[in-house]
Amino acid sequence: MLKIIAPYTLPIDKIIRLLKTNKKGLTSKEAEKRLKKYGPNEIEKKKKISPLMIFLSQFNTILVWILLFAVAVSFILDEKVDAIVIIIILVFNAVFGFIQEYRAEKSIEALKKLTALQAKVLRDNEIKNVLASEIVPGDVIILNEGDKVPADARLIECDGLTVVESSLTGESTPVRKLLKVFNEKTILPERRNMVYSGTNVVEGKAKAIVTATGMNTEIGKIAGMIQEIKEEQTPLQKKLKDLGKFLAVGTIIAALVVFIFGLIKGGKFIDMLLTSVALAVAAIPEGLPAVVTISLALAIQRLIKRNALIRKLPSVETLGSTTVICTDKTGTLTMDKMKVLKVYANRNLMLISDETVKKSKLLFEIGALCNNAYAQKKKMYGDPTEIALLESAKMLNIKKDELEKNHPRLKEVPFNSERKFMATLHKIHGKHFLYVKGAPDVILKKCNKVYVDGKITKLTNKERKDIIDVIDECSDNALRVLGFAFKETNKHDDVKDLVFVGLQAMRDPPRPGVKESIKKCKQAGIRVVMITGDYVGTAVAIGREIGICGKALTGEDLQKIDVLAKIVDEVSIYARVNPSDKLKIVDALKKKGHVVAMTGDGVNDAPALKKADIGIAMGITGTDVAKEASKMILVDDNFNSIVATIEEGRGIFNNIRKFVGYLLSSNIAEVMIIFLASLFGWPLPLIAIQILWINLITDGPPAVALGLDEADKDVMKQKPRNPKENIITKAFWLRIVLISTIITGMVLAIFRYYVNVDAVKAQTMAFTLLILLELINVYVIRGHYTDELFSNKYLTISIIVSILLQFVLLYTSLNKVFKVTPLNLLDWVYLISATAILALFGVVIDKVVDKISLANHTDKIKNI
């Protein structure tokens, strides 16, 4: 690829020589040759995963593999009904997971708006409009106000060119460009002789020679960084994977023990194989993947109502374990819009909202007239600083278009980086006045008089010093200050002996509600870290205002630090950083064991968004690159919505823990029933198809309903969950084992009681009792988290539906398929009595385990 290293360090003639071009541009023939040789000016898109691969990935878990093995064995042994039921459950889970992931992938177009659609170039010594993708190194591009820069380029002519680069650098202030050569150590935001692909021209015009296209542009490099970052599994995925391995190993061992022990005792090979398959089906909570998927999908729907769009299902839970939020400043914490906050006039420094500001009408008139921004169809266009001046004037009902009718502009001295001021000559009531605005120190030096309360007096040294003190005070608070002056003259360049009128101090202010959101994050044990490309003084001032306090480092400081992880917990603000610095920060935090959320909207945020545990992009101001790299998008660009999503995420993990505990206690009981009956030499209390039915009506609707439980009211006053903590803790395991033991004992007891009278009825009683006990177990598990047992109406409905389904199975022709028989009234008395016993024991177990946990509260709890 034809490219130049550090073009901002080279003089224009050397760049022309290296790129084998000239100021008149390339010929069409040469451009065509280069396009074939170097390729189009486009970002290479990572190969997308096909819908088929997304679907097949739903089957890529060890639990599903075991169930598929059970399907194969069932078909071999001609147990087709069992096999078909297992397949239906697996396919349902796969289809549901596929739909959610496929929709998420299709919801965002990959990197499609990275470059302008068309651009103006000089070819064959004339201006031509070409597709941006056809631009090649050496092309001379022409830039005007409103254009999107199509490629990285070195300026060769520049007339007041101002470019907004916030999407790339993170800085909200437009950059005034110039032709000066810079040294090699100059950081990207300060390479003012360069323009970069994807940034926007807000003022002026220029010509530039293209130095890099496609993946060699700054945007292209960032896109490459994104593609190189491997996606890591979320904490939930890791925990479910560990749980799956644990269950799989336990299942295989238990099945082998039963199979071998049965053969040793003289059992038939086929009977023992069927028993082992039944045990495997009992051990595996085949509903777990579906329940997790559905619960997360329902949570996503709730989050959409709270203005958060989740792109990856497991990312919902990650929010709940977040310990650090790394946030960009511009457009995320702030409004990405300059706003006048303070005014100095008539020897007073005032807030823009003060009533006394109305006495400073001349100051705002100068700001509106000495200004090239304009309003059109209720929208402002132009330099953000000048737009801020029009907005401040509008507060006093001063409108530029109306002013210009009575105060027409005759001539203008445009702003440039050398003179640092702008001047406009106006005709006002038959007289000529020069209005001037610019850098306050420059304006002040050109003044010898001062305008106070409608009168012009001499500007004394003391007053000059007072004004300088005000400028310094505003600058210390990271406010950008402009000075304003006037003079009665008919010469547009007579910029001396001016009358000083006042100052307007502006800044990109914090978003409303951000300060309160950061306070809530602190209460929840979550640290907020600001990462910005802006100046350190501005970053610290904003941080102080919204409650982000702590050590501040610059990108230059980061280059000198070998091991950032050593001090990363002490730093709350990073300023003047580049994309690789952001990656370094996120990586250091993750090495310290933090679960990192990264918010941002710019192209420069994208690599860190992808590297973070959960990347959060802005929906309105966010670039396509940032959205593509993220796992979550804030629809309303509101930092406050993050707090709501974290609250939801914490509630989700508790719900997952509830239904995992519920499913495990139920399935362990099923395994123990099969396992112990085999060891005792009894007939099987349950067959495979009955176990599948149990798991279908007890693991399905009730478990999903548990996922709809609302988060605890105090969930945002708790510290973040340890990311290393497993779904099931030691105390929870104890609760599960005790509940499983009671269920196992009661089912085996009732089976043994009936088996000598009627084997089919004994199996029916064991089958029905197990369903009732598992349904009661939902309330036993849930009772640990809430005293309001019937507050979840969906859970109550699901329990009733499950019981009705069991009645349908028992008293219709379905009983032949499931090999059961109808039960009489006395049978139901026994069954209801047994469920009441479990409910009573459940309360006792909860109190006993809580006492044990409390006694060991200061000990380190070992997780399994």
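Helices here are DSSP runs of H or I with at least four residues, numbered from the N terminus. The model is predicted.

**Figure 1. Val81 in helix H5.** Val81 is found in helix H5, which covers residues 80-106. Its relative accessibility is 42%, so Val81 counts as partly exposed. Leaving out residues up to four places away in sequence, Val81 touches Ile689 and Val817. Phe818 is a further reference point in this view: its C-alpha atom and that of Val81 are separated by 9.5 Å. Along the chain, Val81 and Phe818 are 737 residues apart.

**Figure 2. The whole chain, as context for the close-ups.** The protein chain has 864 residues, and buried residues make up 56% of them. Its secondary structure comes to 31 helices and 26 strands. Take the contacts between residues at least 6 apart in sequence: 70% of these join residues at least 24 apart. The accessible surface comes to about 38600 Å². Carbon and sulfur atoms account for 58% of that surface.

**Figure 3. An aromatic cluster of Phe433, Tyr451 and Phe486.** These three residues form one aromatic cluster. With ring centres within 6.5 Å as the rule for a pair, the count comes to 11 aromatic pairs. In one of them, the rings of Phe433 and Phe486 have their centres 6.3 Å apart. Their planes meet at 50°, so the pair is tilted. Phe433 belongs to strand E16 (residues 431-438), and Phe486 to strand E19 (residues 480-488). The pair links distant parts of the chain, 53 residues apart. Both Phe433 and Phe486 are buried. Tyr451 and Phe486 form an edge-to-face pair, 5.9 Å centre to centre with 85° between the planes. Tyr451 lies in strand E17 (residues 447-452) and Phe486 in strand E19, so this pair ties together parts that are 35 residues apart in sequence. How accessible is Tyr451? At 23% relative accessibility, Tyr451 counts as partly exposed. Phe486 is buried, with a relative accessibility of 7%.

**Figure 4. Two arginines over aromatic rings.** Arg576 lies over the face of Tyr535. The distance to the ring centre of Tyr535 is 4.0 Å. Arg735 lies over the face of Phe732. Here the distance to the ring centre is 5.7 Å.

**Figure 5. Ser517 in helix H18.** Ser517 is found in helix H18, residues 514-523. At 5% relative accessibility, Ser517 counts as buried. Which residues does Ser517 contact, leaving aside neighbours within four places in sequence? They are Phe639, Asn640 and Val643. Asn640 is also a residue of helix H24 (residues 640-680), the subject of the next view.

Figure 6. Helix H24 has 41 residues, 640-680. At 1.5 Å a residue, H24 should span 60 Å. Its end C-alpha atoms are 61 Å apart, which agrees. Is H24 enclosed or open? Of its 41 residues, 33 are buried, so H24 is largely enclosed by the rest of the structure. Just after H24 comes Gly681, with a positive phi of about 80°.

**Figure 7. Thr599 in strand E24.** The place of Thr599 is in strand E24, which covers residues 596-600. Its relative accessibility is 0%, so Thr599 counts as buried. Leaving out residues up to four places away in sequence, Thr599 touches a set of residues that includes Ile325, Cys326, Thr327, Asp328 and Thr332. Leu609, Ile616, Met618 and Ile642 are also among the residues it touches. Ser630 is 31 residues from Thr599 along the chain. The C-alpha atoms of Thr599 and Ser630 are separated by 8.8 Å.

**Figure 8. Two buried cysteines.** Cys370 is buried, with a relative accessible area of 0%. Cys521 is buried too, at 1%. How many disulfides does a search of the whole structure find? The search finds 0.

Key: Residues numbered from 1 in each chain as written. Predicted model: local features only at pLDDT ≥ 70, side-chain atom pairs only at ≥ 80, totals over all residues. Heavy atoms only, no water. Helix = DSSP H or I, 4+ residues; strand = E, 2+ residues; numbered from the N terminus. Buried < 20%, exposed > 50% of the residue type's maximum accessible area, 1.4 Å probe, protein only. Contact = heavy atoms within 4.5 Å. Phe/Tyr/Trp six-rings, centres within 6.5 Å; stacked < 30°, edge-to-face > 60°. Lys NZ or Arg CZ within 6 Å of the ring centre and 35° of its normal. Areas by Shrake-Rupley, 256 points an atom, 1.4 Å probe, with all protein chains shown as cover. Disulfide = S-S within 2.5 Å. Expected span 1.5 Å × (residues − 1).
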